[in-house]
Each structure stands twice: as C-alpha cells, then as structure tokens.
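Morning, everyone. Let's talk about charged side chains and how they pair.

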Amino acid sequence: QIKTIAIIAEGVPESQTRMFNKCAHDKGVGIIGPATVGGIKPGCFRIGNTGGMLDNIVMSKLYRPGSVAYVSKSGGMSNELNNIICRNSNGVYEGIAIGGDRYPGSLFIDHLLRYNDNPDVHILVLLGEVGGVDEYEVCKALKSGRITKPLVAWCIGTCASIFPYEVQFGHAGALAQAQLETAMAKNEALKEAGARVPKSFFEFGDEIRRVYDDAVSAGTLVPAPEPETPKIPMDYTWAKKLGLVRKPANFISSISDDRGQELSYGGMPISEVFDGDLGVGGVLSLLWFRRQLPPYASKFIEMILMVTADHGPAVSGAHNTIVTTRAGKDLVSSLVSGLLTIGPRFGGALDDAAVMFSEASDHGVDPEQFVKDMRKANKLIMGIGHRIKSLSNPDKRCEIIKDFARKHFKDNTILKFALAVEQVTTKKKANLILNVDGCIAVCFVDMLRSCGAFTIEEATELVANGCLNGLFVLGRSIGFIGHHLDQKRLKQGLYRH
C-alpha cells in the first residue's frame, strides 16, 4: 500500500482537498500538500522536488543525514531552512513542507510528533506563518510534555501588523482572520509554551546554533564523522561555455573534410586532386579506401565502371528503370527501382565470387576439387556461367579486363586460379566460363593485394565490406540514368505488358 502521497499542484479546490484528506486519513495514507515542493530525507530519498539542483543538495549537505528535523509551510523557505540548518548544525535529518493551502493534508504537529519519537532526531525546527491556528496544537504538545526535544520555532509574516488592513500573503492560507492567527501572536504563544523563539527571522539560524551547541556540550548529541563530499558532475551547458567539453559528434566521417581552406578527400586537398590529375578512379580510391592508389589501379577502377555501365535494356535493372520512367516517375525513383534489382542473380555476385575464389586459392585447393566440392555442397560458383558467351565466343569485356590485369598487376594468383576453374567447368558445358562479374572480382582482389597499399587482411576486409558490389552499383547507375534520359527523350508512354 502507498504510505505517503505528495501533491505538488497548486490551486486545488478546497472542497476536493477536504474530501481526499478524509479519504487518506481513513486509509492510513499520509498527505504532503497540496501546493508543496515535497520533502527530503538526506542520504535516503526525496519526494517531490525539494532540495533544488545537485549543487544545492551538496552545498546544504543533503547527501547525508544530520540531527535536525524541520517542518515548514513554505516550499521556498524549506530550501532556505536546508541552508540555515546546514550552516548552524550538523545538518538536516528530515524536512517536510506541508504546503501553503488552507487545508493541508498533514499538520505541523503530525510531523513534529514523528520527529520527537525518532531517536536519531535531536532538534526540532518549525517554520510557521501568518494565518491558521495549527501552531497552537504544537503549543499544547509542548505544555503537556508530549514534545520533549528542543524546538526552535518562528512564524513568518510579523510585518503584517504594520499594515492598516489585513494582508493576504502568497499562500492561500496566509491570511490572519483573527488576532490569534497573526504571526506575532503565534510566536508569543510558542515562546510561552517552551519553544526557542528568536527575536526575528534574522536570528533564526543563530538560535539553531545555540541549541545545537548546547546539545553537543551536554553530550546528548554526538556528531557523526563527516563523510567525503560527493563530486558533482559539471552542468554540460556551463562546461561547454567554459570550453571544458564539446558536444560529441553524432557521427564520424574520415573520408572527407570541408573545414579549413578547401575541401579534402582522404586528407588530400581538392586542388591537389586536380593538380595530380587523379581522375574518377583516384577520387574513388581516396573516398572508398582512404589511400592514393598507383595510376594503373585508378585506371583499372575506371575500367570497371566503364565495362559495367550498361548491358542493354533487357536486363532486370534496366528493365525496371525503363518501366518506372515510362510510369512518369522522376530520375531518382527510376534509378532506385533499377538498383533494387541488384542481387545474387543480377550484378551482386562480385563480392561472393571474390570470396569463393580467393579463399579456395589461399587454402591451396585444387581447381578440379574445388568444382567437385561446390557441386557436392549444391552451391553455385559465383562468377562462372553466361547465357550466351563461351570459350569459342568470349565476352570482349572479360578479355579487356584480363589483358589489363596481366600487363599491369604484379601478381595474378587469384585470376590464374579462376581460369583454371574455368577449364574444369567448360568441360561440362561450354558456356560455364568466367563471366564479367567473376573476372572483375578476381582481378580486383589481385589488384588490392599486389598494389602495395593494403595487406591481405585489409584487402579481405574491403571485399567483405561490399566494395566490389559497390563498383557494380556505381557503374550500372550510369547506364540506368542513361535509360531514364533516353525514355524521356523518346517520350515513351506508360508501359503495359
């Protein structure tokens, strides 16, 4: 069962307040409020938003229990009490602001009796105010001996007597409707009942200090050793203004930078890119691999883009692009519709082909055994096979790529292995040749491994990250855009099959 409810809201209708106060009383539930900041038990918890920010909690030593417990009507003044008590004693044990409405859910006496019966509390503090008569219940408890611990009390609002008319202070209940409800009358009554009442609120802290010192001198209060003060993280906004921290980046990019005098690709200023005549292949190597590759490697990248740019209107990607264009869609939509067809059966075999051939070659697998193992596993050999081309009718694109690789690359190990596999597969069927996907894949791996810019591990990681398929996507985008523009130029209508 819930034991205590704090009602922070102000302006709660008094009829509703009396109704839920009675309901809470019948069910044994404590109410703090309405119109309160709540309460705090240092070292344990706080209910509501009393105590303020972290720096104030540490300054008022609300991170560990003291020996003084207070009850107040005002929430704002309860924060002031935290500070006053900390400066004039060993700190707050518990503090409650009951709220400034005319019918609070709990009264001063309810909390003071709890404090009086708690052996860890040695000093009681009451901060009342003008209006109401709840303080007189405290007077009765003092006179009857029900409250035995020293009580330091003050009722604020004594300045109301200088006005020629009744003054309504900030709280709904802060209005004296009779002489007994004035702050001066209640202060006098508390003093007569035995409470320690200062001459003014200015001396309130001094009175707490005197009572605390008396208790320590008498030995009834033994202050606990002061624990280490917890460190408060500096507010981020404030620390940023001081230049101590910076906002962490939402994402990090290491391939280009537009800060400084000029744009840079992979650390190379754009002016040097043009001065060095790096071309598209050189720019791609800087942005994709963060390395400046040898001229022949940049040229090979450009060759890949050229041979993969298009393969006629009948392939799935071009077909989709054309159909989408003829449906009246824009260039980006048409391009995307074509790109989304790229996969294992259309253009997306480059990465898998590179992995298959390079792993088999690296492990010293015999080409004929490699083909048998793939057949036994019921797996297709990626990069092998063509619908039309064969050894007697070779794909000119493959011949161009192989010739360039043999002429410029320092090593052609993976290409040689793939061609050995081709000799095995074409014995089964003439069109099971090393197709353009497979040819690009194995030559690209040889280029990465032999150009001097990458280790074998780095080259393997680049392939695993999808750079080969990326080259096909980039190259074929040229053709897809061309088909889109071609259909627009021809003013082709909606396609119906």
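I'll go through the salt bridges, pair by pair.

First, the ground rules. This is a predicted model, where local features need pLDDT of at least 70, side-chain atom pairs count only at pLDDT 80 or more, and totals for chains, interfaces and linings use all residues. Residues are numbered from 1 along each chain as its sequence is written, and side-chain values use heavy atoms, with hydrogens and water left out.

How many salt bridges does the structure hold? There are 17. By salt bridge I mean a side-chain nitrogen of Lys or Arg within 4 Å of a carboxyl oxygen of Asp or Glu.

Take Arg-64 and Glu-226: their side chains meet at 2.9 Å, N to O. Arg-64 sits in the loop between helix 2 (54-59) and strand 5 (68-72), Glu-226 in the loop between helix 7 (204-218) and helix 8 (236-241), so this pair ties together parts 162 residues apart in sequence. Helices (H or I, at least four residues) and strands (E, at least two) are DSSP runs, numbered from the N terminus. Buried or exposed? Arg-64 is buried, at 10% relative accessible area. Glu-226 is partly exposed, at 43%. The cut-offs: buried is under 20% relative accessible area, exposed over 50%, partly exposed in between (1.4 Å probe, protein chains only).

Next, Glu-458 and Arg-291. Their closest N and O atoms are 3.5 Å apart. Glu-458 lies in helix 19 (residues 456-464) and Arg-291 in the loop between helix 10 (279-289) and helix 11 (295-307), so parts 167 residues apart in sequence are tied together. Glu-458 is partly exposed at 29%, and Arg-291 is partly exposed at 28%.

Last, a network: salt bridges with shared partners join Arg-196, Glu-207 and Arg-210.
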